[in-house]
Amino acid sequence: MINLSLLTPEIIVLITALIVLILDLLPWRGRKVLLATVGVLGTVGALLITMGQWDLREEAFYGMVAIDNFSVYFKALFLIICTLTILLSINYITRGGIDLGEYYSLVLLATFGYMFMASGTDLITIFLALEILSLAVYILAGFMRHSPKSNESAFKYFLLGAFSSAFLLYGIANIYGVVGNTNLKDIAQYLSQEAALKNPLFLAGMGLLLVGFGFKVAIVPFHMWTPDVYEGSPTTVTAFMAVGTKAASFAAFLRVFFYTLEPLKGQWVPVLWLLAAVTIIFGNTVAIYQKNIKRMLAYSAIAHAGYILVAMVAGNDLGSSSILYYLLVYSLMNLGAFGVVIIVEKKEEENLTISDYRGLAYKHPMLSAAMSLFLLSLAGIPPTGGFVGKFYIFSAAVSGGYVGLAIIGVLGSAIALYYYLRIIVYMYMYDPEKEFLDGPVPFFSAAALVITAIGTILLGITPARILELAHYSISYLGH
Amino acid sequence: MDTSLSLFGDYQVIHNYLPILVFIIFAFAFAIGTLIFSYLVRPNKPDPEKLSPYECGIPPMMDARERFSIRFFIIAMLFLLFDVEVVFLYPWAVVYNKIGLYGFVEMMLFIAILLVGYIYAWRKGALEWE
């Protein structure tokens, strides 16, 4: 069955993107605020409808798309990310002189792609979703047309992204060659035969899929593009892709590997073990040396992908639920931290080095308090959501028998503490040397910060409810 | 079981593509064979006219590798977009009687989305040469 009505949230996001594109053509001066308003209304509407789809467990387009709790959880997450990104962007893109209507339209289109990454149950749907979101984000990365760095970032992202898409596609082709079908359900069915598990072509396909997803979620050694792209893109776009693209790629990664390739666990778990260890160690150590705050957050984002891999390796009930939990916490705290960077940043890439945060607390106490909260959460200090997330992940690893990996993860977090706390030290223990902002903190950015801060704290204090939701989401995967 | 295909086991899918492989080999063999045969039997009398590249019959004016305006790229991209739209319209028109109202609405949605893109390109001045 086609069941078009099940895709209402996606259709709303798409139509909103088109409306924003058309509205921008109106010869009316006040239209820029209208664009953001329409964008936020569209995503919030889609979010409400998505939440109504909980426990629906339906299929659409003849089994190419699933509306199960897993996809509903992720779609809600992406719509929240999209709304917060729009709120953070309103002031930033006006200041940066890039307040074009295409900006919001592309953010919405990327979100449209994210949503299909989570709900696609066919390798072709997943690939198409990946292309939709990638094309939108390539353009967004180069949105500061007059900045050479932004152009470089878009170009690097495009080349390496195309390369990783090729890996993914080659993997899909191999699997199709063996199974004769691209549907995840049929592939799972095929793998239920004993002989299928040793097929070299299929294993090669699985390895290529792993590389393709590895590029998109930025795990070592497929991370090379991340620091340059994150540094050069407009900061709002960096926040959007550090959070959204990573979560969306993890959604597809999880669905393919946890559900379809589950019988091959013996093959991919050792690989992920190694990748997780390398990612955590590399991401955290290199982050120490960064002077630019966006680069530092890029390496921190790499390290966080490593923590999520730890939970994937553990693979037990707690492990798989904690991935979804952690992705929510990660999105909120990372958007918050980037939000502060967005507010403090000035034109011509001013205020982007870590030492620029010297004495911020004496000029903007609230902003510094929020930044400290997000950084402490990223470091995993109670009572924040970051602590609870890490706690679940590492206890899942220990109870799954991966004590070594848990130790590496905890050591990595200890290293991470240094570079997160360094910013707090700069903010609180030095005297301010300059004015940071040209005016008061913009209203919409402040609203986004308040939402993320409340979310980060709430997830740290009352995690049980969300963990339960995460558990229900992932345990229904593929049913 | 055929041992030469042991890498793939008895996976039927691979066998289905065997004719394509044979076809490719024959295509290459035919092209290379024709070239070698004509090289062996033809007389060889080159002159500048014969060696020059064919350009619609007129003598070539200059080297083809020169820089040209970026505006061509935009026009080419727009052409590609809307050309593909038309390609989709053909099979739709052929089976129109069978898919009925549903197919009609679906194609109208497709065209509506492209129309938004067209209005966008138009208003942004992508169709103006100056």
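Predicted model: local features only at pLDDT ≥ 70, side-chain atom pairs only at ≥ 80, totals over all residues.
Residues are numbered from 1 along each chain as its sequence is written, with chains lettered from A and ligands numbered from 1 in the order in which they are written.

H6(A) itself covers residues 148–179. Its 32 residues should span 46 Å at 1.5 Å a residue, and the end C-alpha atoms do sit 46 Å apart, so the two values agree. Buried residues in H1(A) include Pro9(A), Ile12(A), Leu14(A), Ala17(A) and Leu21(A). Here, buried means 20 or more other C-beta atoms within 10 Å of a residue's own, exposed means 12 or fewer, and partly exposed is in between, with C-beta atoms placed from the backbone. The partners of these buried residues are helices H2 (31–52), H3 (69–95) and H4 (101–119) of chain A, plus helix H5 (96–123) of chain B.

Next come helices H12 (residues 293–314) and H13 (residues 317–344) of chain A, whose axes come within 9 Å and cross at roughly 175°. That makes H12(A) roughly antiparallel to H13(A). The axes are lines fitted to C-alpha atoms, for helices over the stretch in contact, and angles between N-to-C directions run from 0 to 180 degrees; under 35 degrees counts as roughly parallel, over 145 as roughly antiparallel, 65 to 115 as roughly perpendicular and the rest as oblique. Among the residues that meet are Leu297(A), His304(A) and Tyr307(A) from H12(A), and Ile323(A), Tyr330(A) and Phe338(A) from H13(A), where contact requires C-beta atoms, placed from the backbone, within 7 Å.

Most residues other than glycine have a negative phi, and most peptide bonds are trans. Tyr62(A), however, has a positive phi near 55°; this residue lies in the loop between strands E1 (58–60) and E2 (65–67) of chain A and counts as exposed, with 11 other C-beta atoms within 10 Å. Asn351(A) also has a positive phi, about 65°, and is found in the loop between H13 and helix H14 (360–363) of chain A. With 18 other C-beta atoms within 10 Å, Asn351(A) is partly exposed. A cis peptide bond links Val220(A) to Pro221(A), with omega about 5°, and another cis bond runs from Pro382(A) to Pro383(A), with omega near 5°.

Chain B contains 5 helices and 0 strands, and buried residues account for 0% of its 130 residues. Its mean pLDDT (the predictor's confidence in each residue, from 0 to 100) is 83, and 89% of its residues reach 70 or more. Over residues 1–7 of chain B, pLDDT stays under 50. For the complex, the predictor gives an ipTM of 0.77 and a pTM of 0.89.

Conventions
Helix = DSSP H or I, 4+ residues; strand = E, 2+ residues; numbered from the N terminus. Contact = placed C-beta atoms within 7 Å. Expected span 1.5 Å × (residues − 1).
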